Amino acid sequence: MIELKSEKDIDGIRKSCKLLAELFEEVGPQIQEGMSTLDVDSLCHDFMKRHHATGPCKGYMGYPNVTCVSVNDTVIHGIPSRSIILHEGDIVSVDICLEKDGYVSDSTHTYEIGKVSEEVHQLNVVTNKCLYLGIEAASQPHARIQDIGAAVSGYARKFGYGVVRDYCGHGVGYSIHEDPEVPNYVSLANPNPRLRPGMVIAIEPMINMGTYRVRTEKDGWGVKTLDGKPACHWEHTVAITDKGLEILTQL
Ligand code: MF3
Ligand code: CO
């Protein structure tokens, strides 16, 4: 069931999202070669503590950390680790849920470590563009959920990229994962509700350089591309209001 949010609740979610955007602004430039993915998680956790916020991923179905930090062929849900070190040429997606005053925000950025190959850079640029095309589709009058996946997959396909199907965007705000599901592809088998004022959703294209197919790591969390090629992930929380769409996790 899709729970529509009141103006007051959207205001609370807006504040949570703004704080998450500020976290990315502060932590993003500090991410560099030689750090471990656990170091990245620690920087984020420290920001949350200083701002009286929490990270609801920690403890969610037993997940151990406040961020997911996914390197190269890890698409999503990479568990931060002391033994995974960032090297020049890597891409690393940092996926963060933040809770402030009871309201949950969700956003992901993919960072390039030093100089990355031209093809990896293109994957990152195209995935970021997919996010904004999805947002643009959602902001059209009378837009429906699957317009987002149509825009995302339509653009990604032009580059021969694989669009992940096993994981989707989602409603967010009161908790991490709410209805509706927001797939990055189109299917007649999926629900296709109209976007309405009061809906808050996380739009999050997950795009692979090669096959769309993925597998789960032995730790039960990390999701990797089946062919070992790199993957990229960008995410914003957006609200549909009477005045139109608002990107909440962007300053
Ligand atoms: N932030 C993730 C999302 O976008 C949620 C991760 S849940 C976790 O859906 F438990 F893995 F952290
Ligand atoms: Co999400």
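Guide: A nonpolar core is a set of buried Ala, Val, Leu, Ile, Met, Phe, Trp, Tyr and Cys residues joined through side-chain atoms within 4.5 Å; buried means under 20% relative accessible area, exposed over 50% and partly exposed in between, with a 1.4 Å probe and protein chains only. This is a predicted model, in which local features need pLDDT of at least 70 and side-chain atom pairs pLDDT 80 or more, while totals for chains, interfaces and linings use all residues. Residues are numbered from 1 along each chain as written, chains are lettered from A and ligands numbered from 1 in written order, and side-chain values use heavy atoms, without hydrogens and water.

Visitor: Which residues have the most contacts inside the largest nonpolar core?

Guide: Ile148, Leu195, Ile201, Ile203 and Ile207 do, in a core of 28 residues. Helix H3 (118-138), helix H4 (145-158), E8 and E13 each supply at least two of its residues, and H3 gives the most, with 7. Another core, of 22 residues, lies apart from it and includes Phe24, Leu86, Leu98 and Tyr111. Helices (H or I, at least four residues) and strands (E, at least two) are DSSP runs, numbered from the N terminus.

Visitor: What makes Lys224 count as buried?

Guide: Its relative accessible area is 16%, and the limit is under 20%, so Lys224 is buried. Lys224 belongs to strand E11 (residues 223-225). Its side chain makes a polar contact of 3.4 Å with that of Thr74; the cut-off is a pair of N or O atoms within 3.5 Å, where within protein one must be able to donate a hydrogen and the other to accept it, and residues adjacent in sequence count only if both atoms are side-chain atoms.

Visitor: How do you know which residues coordinate the cobalt ion (ligand 2)?

Guide: Donors are N, O and S atoms within 2.8 Å of the metal (3.2 Å for Na, K and Ca); water is not among the atoms, so sites may look incomplete. Asp106 (OD), His170 (NE2), Glu204 (OE) and Glu235 (OE) sit at 2.0 to 2.2 Å from the cobalt ion, so they qualify. Asp106 lies in strand E4 and Glu235 in the loop between strand E12 (231-233) and E13, so this pair ties together parts 129 residues apart in sequence. Both Asp106 and Glu235 are buried.

Visitor: Why is the pair of Arg14 and Glu246 called a salt bridge?

Guide: A salt bridge needs a side-chain nitrogen of Lys or Arg within 4 Å of a carboxyl oxygen of Asp or Glu. The closest N and O atoms of Arg14 and Glu246 are 2.7 Å apart, so the pair meets the rule. Arg14 is in helix H1 and Glu246 in strand E14 (residues 244-247), 232 residues apart. Arg14, Glu246, Asp11 and Lys15 are linked in a network of salt bridges.

Visitor: Which parts do Arg50 and Glu26 tie together?

Guide: Arg50 is in helix H2 and Glu26 in helix H1, so the pair joins parts 24 residues apart in sequence. Their side chains form a salt bridge at 2.8 Å, N to O. Arg50 also meets Asp46 in a salt bridge of 2.9 Å; Arg50 and Asp46 are 4 residues apart in helix H2, about one helical turn.
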